[in-house]
Amino acid sequence: MQKILMVYYSGGGNTKAMARAIKDGIARNKNMDVECVQVGMIHPDRVGDYDKILLGCPASGMEELEQSHFEPFYEACKKHLQEKPVALFGSYGLGVGHWMKKWERRCIMDGAILFDEGFICLGTPEGEMIDDLMDFGRRFSEFNV
């Protein structure tokens with residue numbers, strides 16, 4: 001059984017809601033074991049113990065990763081992303097999603113095998129967006145390199 005780690009930061013709850021929907025989608029794949037934790041609840045070196053990684057962070061400031069908690073976690077764990085399937089997701093309130101494109105390029109430069117485009121959500125995920133997030137999780141659980 002493959003192990004997936006999902007680590008996310010959520011300031012207002014939107015990215016947490018995204019994480020729940022993605023986890024529900026992964027749960028449909030009985031060959032996957034998923035652990036979903038908030039940043040700060042897992043040591044960055046543990047990332048290396050998993051087969052696939054999901055990272056979630058909302059846009060912050062001028063469309064950057066959240067600087068106090070998530071950015072330090074990412075910096076500390078990026079060495080464990082090399083040659084691993086990685087999926088990104090996050091919410092935003094202002095802007096158009098440039099932070100995600102920058103983050104995608106950064107993950108590739110750090111050696112990750114990026115799954116699809118990062119999934120972004122303006123505000124709180126609702127309705128069809130929940131279904132799309134579940135599908136994102138299911139497809140990531142089935143993604144093979």
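Phe70 is buried, with a relative accessible area of 0%, where buried denotes under 20% relative accessible area, exposed over 50% and partly exposed the range in between (1.4 Å probe, protein chains only). The model is predicted, so local features require pLDDT of at least 70 and side-chain atom pairs pLDDT 80 or more, whereas totals for chains, interfaces and linings use all residues. Residues are numbered from 1 along each chain as its sequence is written, and side-chain values use heavy atoms, with hydrogens and water left out.

Rings of Phe, Tyr and Trp (its six-membered ring) were paired if their centres lie within 6.5 Å; planes under 30 degrees apart were classed as stacked, over 60 as edge-to-face and the rest as tilted. The count by this rule is seven aromatic pairs. In one of them, the ring centres of Phe70 and Trp103 are 5.4 Å apart and the planes stand at 80 degrees, so the pair is edge-to-face. Distant parts of the chain are linked by this pair: Phe70 lies in helix α2 (residues 70–77) and Trp103 in helix α3 (residues 98–109), 33 residues apart. Helices (H or I, at least four residues) and strands (E, at least two) are DSSP runs, numbered from the N terminus. Trp103 is buried, with a relative accessible area of 2%. One aromatic cluster is formed by Phe115, Phe119, Phe136, Phe140 and Phe143.

A charge was taken to sit over a ring if NZ of Lys or CZ of Arg is within 6 Å of the ring centre and within 35 degrees of the ring normal. The charged end of Lys52 sits over the ring of Phe140, 5.6 Å from its centre. Likewise, the charged end of Lys3 sits over the ring of Tyr50, at 5.2 Å from the ring centre.

Phe119, a member of the aromatic cluster, belongs to strand β8 (residues 119–122), along which the side chains alternate. Strand β8 pairs with strand β6 (residues 85–92) in the parallel sense over four bridges, pairing being assigned if DSSP finds at least two bridges between two strands. Ile120 in β8 stands opposite Gly90.

The structure holds zero disulfides, a disulfide being a pair of cysteine sulfur atoms within 2.5 Å. Cys57 is in no disulfide, and the nearest cysteine sulfur, that of Cys107, is 11 Å away. Cys57 is buried, with a relative accessible area of 0%. For Cys121, the closest cysteine sulfur is that of Cys57, at 14 Å, too far for a bond. Cys121 is buried, with a relative accessible area of 2%.
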